[in-house]
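Hello,

Here is the structure I promised to pass on to you. Have a look at it first, and then read on for what turned up in it.

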Amino acid sequence: MSVVFYILAAMTIAGGLAAMLLKNTVHCALAVTVAFSGLAFLFLELDAQFAGFAQILVYVGAVAILVVFAILLTRGSETPKDSVYSKNWLAGLVIAAGVFAVLGWAVLQSAAVLPHETATPTVTVLDIGNALMTRYVLPLEIVALLLTVAMIGAVIVALHEKTEAQ
Amino acid sequence: MIEKMDQIFVSLLHWLISFLPAFLQPFVGVVICVAVIVCLYPALFALAVLLERKGLGRMQNRYGPNRVGPFGILQPIADGVKSLTKEDIVPLSADAVVHFLAPVVLVVAVFMGFAVLPMGRNMVLVDMDAGLLFYFAMSATTELSVFMAGWSSRNKYSLLGAMRAVAQMISYEVPLLMSSVAVVMITGSLSLTKIVAAQDSYTGIFPHWYIFTPWGFAGFVMYAIATTAETNRSPFDLPEGESELVAGYHTEYSGFKFALFFLGEYVAMFSISGLGTTLFLGGWSAPFSFLTWVPSWIWFFSKIMLSICVFIWVRGTLPRLRQDQLMNFAWKFVLPMTLLNLFVAALWHFLGEGWQRWVFCSAILVVAYVAMGLVEMRSDHFGPRKYRYAE
Amino acid sequence: MLGEGILKGLAETAKNFFGSYFSKERLTTVEYPEQRIAPIEATRDFPFLVYDEENRDGGGPEWEAGLRCVACQICEKECPPKCIYIEKSKDKKLDYLGKAQYYPARFDIDISVCMSCQICVEVCPFESIKMDTKFEMSTTDRFGGLILDREHLAKSNTYYHKIHPTEAAAVDAHLAAEKVKADAKAKAAADAAEAKAAAASAVKPAVKPAEGAA
């Protein structure tokens with residue numbers, strides 16, 4: 001666990017905490033972008049180049065913009081009238097701790113099962129491409145179909161609004 | 001001798017770091033390269049600004065600036081002094097932290113893109129395996145800074161300009177990536193050095209640049225359109241249209257922060273034309289086989305400056321596109337053409353050598369272009385305008 | 001729709017760019033203040049008062065003696081932004097026709113207010129105020145530097161001929177015609193008076209012997 005890992009982990013956690021605690025919603029969106037980039041750097045530290053850059057390209061470049069647009073086009077950008085902290089914070093804390101415990105247990109269990117490799121295999125983009133086209137072609141096509149359906153759905157929703165407005 | 005001139009910067013770097021102990025050498029080498037990039041491109045930016053003003057002037061039948069030095073050469077210095085000494089006005093209700101960070105994020109993201117551009121033989125800062133992906137990741141970050149600038153100014157016009165700019169940049173990201181994917185497909189690698197190396201051969205005197213293939217030419221044209229839109233450059237400069245939105249998302253910026261936005265825009269232009277030359281124009285390779293004695297870095301920078309001249313030329317010629325025309329163009333024309341281009345590039349690869357593939361691929365592309373142009377881009381909307389929300 | 005318009009446009013701007021180094025019509029800039037275009041004859045900037053060089057009545061400097069203005073104050077009344085201020089003199093001077101006229105003791109024009117409409121020139125019955133062609137009159141004195149008084153406004157008829165040749169020639173012809181008419185009238189009046197005097201003196205001796213006889 002090197003120094004770099006601790007720094008990046010601190011950055012990610014700080015981003016996540018800020019996203020939760022800040023009052024202004026757009027500030028929260030920007031903080032969550034910091035958390036995304038922290039995750040991307042963690043991928044890069046683990047030598048997963050493709051995953052890291054794709055994380056930046058997709059999350060910081062597109063998802064963050066989407067979140068921000070959504071905040072701006074609805075009323076989220078006004079300061080909230082009631083407090084940011086909800087009244088049932090104790091229940092929320094308990095549930096979050098429960099989820100974290102389950103996930104942590106699952107990861108640690110699977111870590112015990114994985115074979116100990118001395119050298120990390122280098123996965124190039126070529127390997128990822130090959131795998132996507134041979135072994136994982138069905139999930140790829142399903143994801144493509146899902147994206148197409150989502151886009152068509154968005155167009156239909158917007159179209160419906162237009163005819164309603166007219 | 002030719003070799004020495006070609007590798008002069010590399011040998012200079014090696015000589016400089018040879019004075020240091022071995023464990024410091026890579027680190028200091030990288031720092032020196034970064035320092036050179038950070039000093040060189042703003043200098044080129046000053047040159048480009050001057051070139052633009054004089055070039056636009058000549059195209060508009062007038063002199064450009066010619067008072068400051070002989071032929072106005074010292075004008076960028078005057079501009080620099082002006083932007084440094086102007087008062088930095090931050091609106092009272094603006095979000096101070098985000099307002100400050102927006103130009104910083106822009107400049108950082110833009111300079112990061114230079115890390116993977118091969119500026120000459122053996123002259124890449126970081127030879128990454130997924131270099132192209134890294135480049136696009138960095139250029140996606142610039143959109144975020146545009147939005148931050150527009151929103152933090154707490155100004156309706158800035159916000160409107162920022163929304164338009166972000167919508168435009170996102171819409172044109174897709175054709176940008178798709179036209180680059182055709183190149184990646186044919187080369188078989190995302191690494192920019194390998195892409196340049198694949199174009200570095202000659203048949204007779206003609207080079208194997210990708211622009212000289214049908215799919216490469218179409219891809220280059222669409223890449224050029226997409227880059228003009230990505231850098232908010234005329235004719236796609238509605239977000240910063242001076243007659244519409246004052247200055248769009250950088251209305252509320254003055255002094256040095258505005259200079260940083262301006263710098264960011266021009267350096268982004270350099271960076272993206274650098275990528276375009278790497279992908280389509282052969283990077284640092286010479287245009288004819290008898291010209292390979294000229295150092296490779298001269299070719300790279302000449303091609304970049306040529307691209308900048310074309311940018312300026314197009315700016316002086318075309319009127320601005322309206323937002324809906326811009327979007328229509330992106331989604332209805334450029335995107336289908338890039339998808340078709342991918343298909344044609346694959347066909348090119350699988351048809352093997354010979355004249356058939358030239359004829360086939362060119363025919364498909366030309367027919368598709370004409371058909372799409374006549375069908376999609378016709379303007380039969382003459383007549384009274386229909387308003388979507390005003391009725 | 002196929003982009004040929006764009007190519008034509010690019011060709012045109014390229015022609016402009018390269019042509020601007022060779023042909024004059026592709027680069028029509030005149031670099032003021034090193035190069036200037038000569039003003040056309042009907043240029044008008046700010047008014048000035050014309051003085052005739054033939055020294056007429058009275059001493060004093062040439063411009064004061066030959067000033068055509070008779071302080072009728074019509075231009076002061078007609079000026080739309082009211083930038084002219086005139087004070088009439090107490091005594092009179094002879095004009096070019098020999099008549100005794102008042103003259104302006106004070107004639108100020110505020111050129112920061114003047115809008116060069118030329119109405120003062122059009123209404124002046126004495127051809128004494130005309131439009132100048134000088135415009136580089138900026139000054140660092142912001143309290144009085146842009147108010148021109150009589151001395152600065154008075155310019156000679158020769159200068160008027162230099163800046164507006166045809167107009168000045170027409171004015172001179174008009175004034176000469178007036179003078180001829182006035183002279184003719186005076187001569188006719190003088191002749192009539194002389195004839196009347198001769199008739200009176202011819203009648204008188206006829207009357208006298210009658211009175212003497214009676």
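Helix H7 (residues 156-187) of chain B passes helix H9 (residues 214-230) of chain B in a left-handed crossing. Please keep in mind that this is a predicted model. The axes of the two helices are 8 Å apart, and the packing angle is about 155°. An angle over 145° counts as roughly antiparallel, and H7(B) and H9(B) are therefore roughly antiparallel to each other. On the H7(B) side, the residues that meet H9(B) include B:Met169, B:Tyr172, B:Leu176 and B:Val183. On the H9(B) side, B:Trp215, B:Met222, B:Tyr223 and B:Ala226 are among the residues that meet H7(B). Sorted by class, this contact has 11 nonpolar, five polar and one charged residues.

Now for chain B as a whole. Chain B has 13 helices and two strands. Its radius of gyration is 22 Å, close to the 21 Å that the globule rule gives for 391 residues, so chain B is as compact as a globular protein of that length. Taken along the principal axes, the C-alpha atoms of chain B fill a box of roughly 60 × 60 × 45 Å. One backbone detail to look up is B:Asn61, a residue other than glycine with a positive phi, near 60°. You will find B:Asn61 in the loop between H3 and helix H4 (75-85) of chain B.

How do the chains meet? Two pairs of chains are in contact, and chains A and B share the most contacts. No contact joins chain A and chain C; their closest C-alpha atoms lie 27 Å apart. Where chain B touches chain C, 15 residues come from chain B and 13 residues from chain C. On the chain B side, the elements that give two or more residues are helix H3 (25-59), helix H11 (296-317) and helix H13 (355-376). The residues on that side divide into seven nonpolar, five polar and three charged.

Strands of a sheet pair through backbone hydrogen bonds, either parallel or antiparallel. In chain C, an open sheet of three strands has the order E6-E1-E8, with mixed pairing. Strand E6 (129-131) and strand E8 (154-156) stand at the edges, each with a single partner strand, so one side of each is left without a neighbour in the sheet. On average, neighbouring strands of this sheet are turned by 50° against each other, direction ignored. E1(C) and E8(C) run parallel and are joined by three bridges, with C:Leu49 opposite C:Ala154 in E8(C).

Other pairings in chain C involve strand E5 (residues 104-110). E5(C) runs antiparallel to strand E2 (residues 84-88) of chain C, and five bridges join the two. Here, C:Ile86 has C:Phe107 in E5(C) as its bridge partner. E5(C) also runs antiparallel to strand E7 (residues 147-148) of chain C, through two bridges, and C:Asp110 stands opposite C:Ile147 in E7(C).

Which residues does a cis peptide bond join in chain C? They are C:Tyr32 and C:Pro33, and omega is about 0°. C:Pro33 lies in the loop between helix H1 (4-19) and strand E1 (47-51) of chain C.

Key:
Residues are numbered from 1 along each chain as its sequence is written. Chains are lettered from A and ligands numbered from 1 in the order in which they are written. This is a predicted model: local features need pLDDT of at least 70, side-chain atom pairs count only at pLDDT 80 or more; totals for chains, interfaces and linings use all residues. Two strands pair if DSSP finds at least two bridges between them. Helices (H or I, at least four residues) and strands (E, at least two) are DSSP runs, numbered from the N terminus. Two residues are in contact if their C-beta atoms, placed from the backbone, lie within 7 Å. Ala, Val, Leu, Ile, Met, Phe, Trp, Tyr, Cys and Pro count as nonpolar, Asp, Glu, Lys and Arg as charged, and the others, Gly among them, as polar. Axes are lines fitted to C-alpha atoms, for helices over the stretch in contact, and angles run from 0 to 180 degrees between N-to-C directions. Angles under 35 degrees count as roughly parallel, over 145 as roughly antiparallel, 65 to 115 as roughly perpendicular and the rest as oblique. A crossing is left-handed if the near helix is turned anticlockwise from the far one by less than a right angle, and right-handed if clockwise. The radius of gyration is taken over C-alpha atoms; the globule rule is 2.2 Å times the number of residues to the power 0.38.
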